[in-house]
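Hello,

Here is the structure we talked about. Please open it first, then read my notes below with the view beside you.

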Amino acid sequence: MKAEQPLMRTPMPLSPQWGSELELPLVTIVDDDASVREALAELILSAGLRPVCFASIRELLDADVLDRPGCLILDVRMPGASGLDLQHHLARTGNPKPIIFLTGHGDIPMSVQAMKAGAVDFLTKPARDQTLLDAVAAGIAIDAEQCAKAAVVKRNVELFSALTQRERQVLREVARGRFNKQIAYDLGISEVTVKLHRGNAMRKMEVASIGELIRSWETLPITVREGGATQ
């Protein structure tokens with residue numbers, strides 16, 4: 001890092017959702033240069049955040065940190081797996097952890113590839129301290145939003161699992177915008193029974209309106225929606 005750049009001494013405000021020590025945002029640094037790791041860790045600490053450092057992607061994967069809230073600062077080119085390799089790995093495993101690339105060997109095609117794959121930023125060494133801290137703040141904010149959305153999905157999947165098969169079928173048809181009469185005809189039941197199943201689905205999904213019910217349905221993964229309606 002550039003020595004002449006001022007450090008940000010005021011800690012960043014943390015979201016109220018970080019309720020315990022294990023929920024505090026973690027800034028994970030992976031770089032094969034020990035001096036770079038040390039400088040980055042000091043900068044992150046000066047911002048009131050918690051850094052953890054690794055010398056390689058293998059070391060990172062062997063540690064239990066990728067499920068922690070926060071973001072990653074990755075060198076692009078390192079012995080063994082590269083930062084881009086890790087980005088691809090996380091995408092394949094469904095872990096969209098925000099990544100900031102920091103490299104001394106970057107080029108335009110590489111940066112375009114990284115950004116298209118969802119990187120928060122692609123910075124070249126030496127980067128300005130404030131530029132990097134701004135990227136870290138953005139990464140943590142993105143991760144917090146993703147965690148919040150994931151929590152909603154998890155909750156709705158759990159609620160959906162309590163529905164009977166018929167309630168799931170009715171919910172699916174309601175979400176398609178079909179009328180009670182149409183649903184009743186297709187399922188071979190009465191409109192009164194459709195209303196009963198719809199009411200039960202709303203109660204179990206903990207919603208107060210049809211609009212909320214449909215929005216909850218739309219948060220469910222496609223595999224859950226399709227499986228829940230056809231089993």
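**What I found**

Of the 231 residues in this protein, 40% are buried. Keep in mind that the model is predicted. The chain folds into 10 helices and 5 strands.

**The cores**

Start with the inside. The largest nonpolar core has 21 residues. Look for V27, I44, I73, I100, L132 and V136, which have the most contacts inside this core. Several elements supply at least two residues each: strand 1 (26–30), helix 1 (34–46), strand 3 (70–74), strand 4 (99–103) and helix 5 (129–160).

Now zoom in on I44. Which residues does I44 touch, leaving aside neighbours within four places in sequence? They are V27, I29, L49, R50, P51, I73, L133 and V136. Two of these, V27 and V136, are also on the list of residues with the most contacts inside the largest core.

**The pockets**

Next, the open spaces. Rolling a probe the size of a water molecule over the atoms shows where empty space is left.

The largest pocket holds about 250 Å³ of space. Its lining has 13 residues, and N95, P96, K97, D143 and C147 lie nearest the centre. By class, that lining has 6 nonpolar, 3 polar and 4 charged residues.

The second largest pocket has a volume of about 160 Å³. It is lined by 14 residues. Closest to its centre are P96, K97, P98, A117 and G118. So where does this lining come from? Helix 3 gives the largest share, 3 residues. Helix 3 (83–92) and helix 5 each supply at least two. The classes here are 9 nonpolar, 4 polar and 1 charged.

**The cysteines**

Last, a check on sulfur. A disulfide is a covalent bond between the sulfur atoms of two cysteines. How many disulfides does the structure hold? The count is 0.

Is C71 buried or exposed? C71 counts as buried because its relative accessibility is 1%, and the cut-off for buried is under 20%. C53 has a relative accessible area of 31%, so C53 is partly exposed: that value falls between the 20% and 50% limits.

Best wishes

Notes. Residues numbered from 1 in each chain as written. Predicted model: local features only at pLDDT ≥ 70, side-chain atom pairs only at ≥ 80, totals over all residues. Heavy atoms only, no water. Core = buried A, V, L, I, M, F, W, Y, C linked by side-chain atoms within 4.5 Å. Buried < 20%, exposed > 50% of the residue type's maximum accessible area, 1.4 Å probe, protein only. Helix = DSSP H or I, 4+ residues; strand = E, 2+ residues; numbered from the N terminus. Contact = heavy atoms within 4.5 Å. 1 Å grid on protein atoms, 1.4 Å probe; cavity = no way out; pocket = protein on both sides within 12 Å on 5 of 7 lines; lining within 4 Å. Points joined across faces, edges and corners; volume = space filled by probe spheres on them. Nonpolar A, V, L, I, M, F, W, Y, C, P; charged D, E, K, R; others polar. Disulfide = S-S within 2.5 Å.
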